[in-house]
Amino acid sequence: MGEPTNTPGLLVLLGSGETLPSSGKTHEYVASRLPQPPKIVLLETPAGFELNADRVAGKIKDFLEVRLQNYAPEFIQVPARKKGTDLSPDNLEIVTPILEGDEILLGPGSPTFAVRQLKDSLAFEMLKARHRLGATIFLASAATLAFGRNTIPVYEIYKVGEDLHWKSGLDLFGLYGLPVSIVPHWNNNDGGDELDTSHCYIGESRFEALRAMLPANEIFVGIDDHTSLVVDFAEKHCRVMGNGTVHVVQGDQDQTFASGETFSLDLLGTLHIPTSGEGIKPEIWQMALEAQQARRQAAQTVETPPDNVLAIVETRSQAREEKDWGKADQLRHQIQALGWDVMDTPQGPELSRIEE
């Protein structure tokens, strides 16, 4: 018998627009698959160099409070901004709330700053552990660049004028055998007719020059503005949502997928689901396991559904497996009539008492 494995949570990549209506359906899709009510951790690190880093994350919180009001999420804002300060990603007191997250969200800022602060940090180890145990990682804008195998130093090239070069990314995908780099803002046209700002503001010609610096078999995922890619490790597929398209580029192949389409995770490499805490510092993995066990024990103190309700839930699960959606909906109504609500999650159906 080998070591037990855990099914990682969703990995959501948003090209841009984390607080715009175009991302709303993606946020709701994710929320519907989380334990209810969900705990959403907002990690401030990508914008940790900015004087208003708290408001960068706070604006996302304000948007989600309204958009996800039907899910009544609890938000935890983690100010893990910069190493060597009181608000360091290595400050245990600051970053421990990450272990409570059902969803961990990182957004705008600087990709290279995010990599420097998170690489080998407590915060990143905890994030990896929570994802391994089923939490969703939601990345937008700069964070999508930072979490790939290689990252484009956008500010350094586009604003400062440094020569073309790559920086190593956090490579979260590499833990799962996927050699992937992410390029958001793939179809950006802020520069109009005068300046090509596609391919994350550096333009197509400079992006092709950057590609030539890496081995020909490198895999890139280009995500249009106002578009998201939901990577589902359990189902082994990727789903495109939002207004635009997603490109999977390798060598001379550029495969394009429109909103609503799915494609196999095989396009991103040979999937490897690690055993237990593989690739995570043992002490952090143990902390994550203990935090998860504590949450389960707390949940067990909540009123247990009666046997007749559990029996209907089991029948409904069978109906869903058989794709008999009409019967599943009828059984949901029966469960609600008995005073319980059912929420479908990647870990199975979860019941909560309907308050009078």
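**Notes on the predicted model**

1. An open sheet is formed by 8 strands in the order 3-2-4-5-1-10-11-14, with mixed pairing; strands are DSSP runs (E, at least two residues), helices are runs of H or I of at least four residues, both numbered from the N terminus, and two strands pair if DSSP finds at least two bridges between them. Strand 3 (74-78) and strand 14 (262-264) stand at the edges with a single partner strand each, so one side of each has no neighbour in the sheet. From one strand to the next the twist averages 20°, with axes fitted as lines to C-alpha atoms and angles running from 0 to 180 degrees between N-to-C directions.

2. This is a predicted model, in which local features need pLDDT of at least 70 and side-chain atom pairs count only at pLDDT 80 or more, whereas totals for chains, interfaces and linings use all residues. Residues are numbered from 1 along each chain as its sequence is written, and side-chain values use heavy atoms, with hydrogens and water left out.

3. Within the sheet, strand 1 (residues 11-14) pairs with strand 5 (residues 136-140) in the parallel sense over 4 bridges, and Leu14 has Ala140 of strand 5 as its bridge partner.

4. Helix 5 (residues 122-132) is mostly covered, since 10 of its 11 residues are buried, where buried means under 20% relative accessible area, exposed over 50% and partly exposed in between (1.4 Å probe, protein chains only). Among the buried residues are Phe124, Met126 and Leu127, and also the charged Glu125, Lys128, Arg130 and Arg132. Just after helix 5, Gly134 takes a positive phi of about 115°.

5. A search of the whole structure finds 0 disulfides, a disulfide being a pair of cysteine sulfur atoms within 2.5 Å. Cys200 is in no disulfide, and the nearest cysteine sulfur, that of Cys238, is 20 Å away. Cys200 counts as buried at 3% relative accessibility, and Cys238 counts as buried at 0%.

6. The second largest pocket holds about 730 Å³ of space; a pocket is an open set of points on a 1 Å grid over the protein atoms alone, with protein on both sides within 12 Å along at least five of seven lines, and lining residues have an atom within 4 Å of a point. Its lining has 26 residues, of which Arg33, Glu235, Arg320, Thr345 and Pro346 lie nearest the centre. Strand 11 (237-242), helix 10 (307-321), strand 15 (340-345) and strand 16 (348-353) each supply at least two lining residues.

Conventions: 1 Å grid on protein atoms, 1.4 Å probe; cavity = no way out; pocket = protein on both sides within 12 Å on 5 of 7 lines; lining within 4 Å. Points joined across faces, edges and corners; volume = space filled by probe spheres on them.
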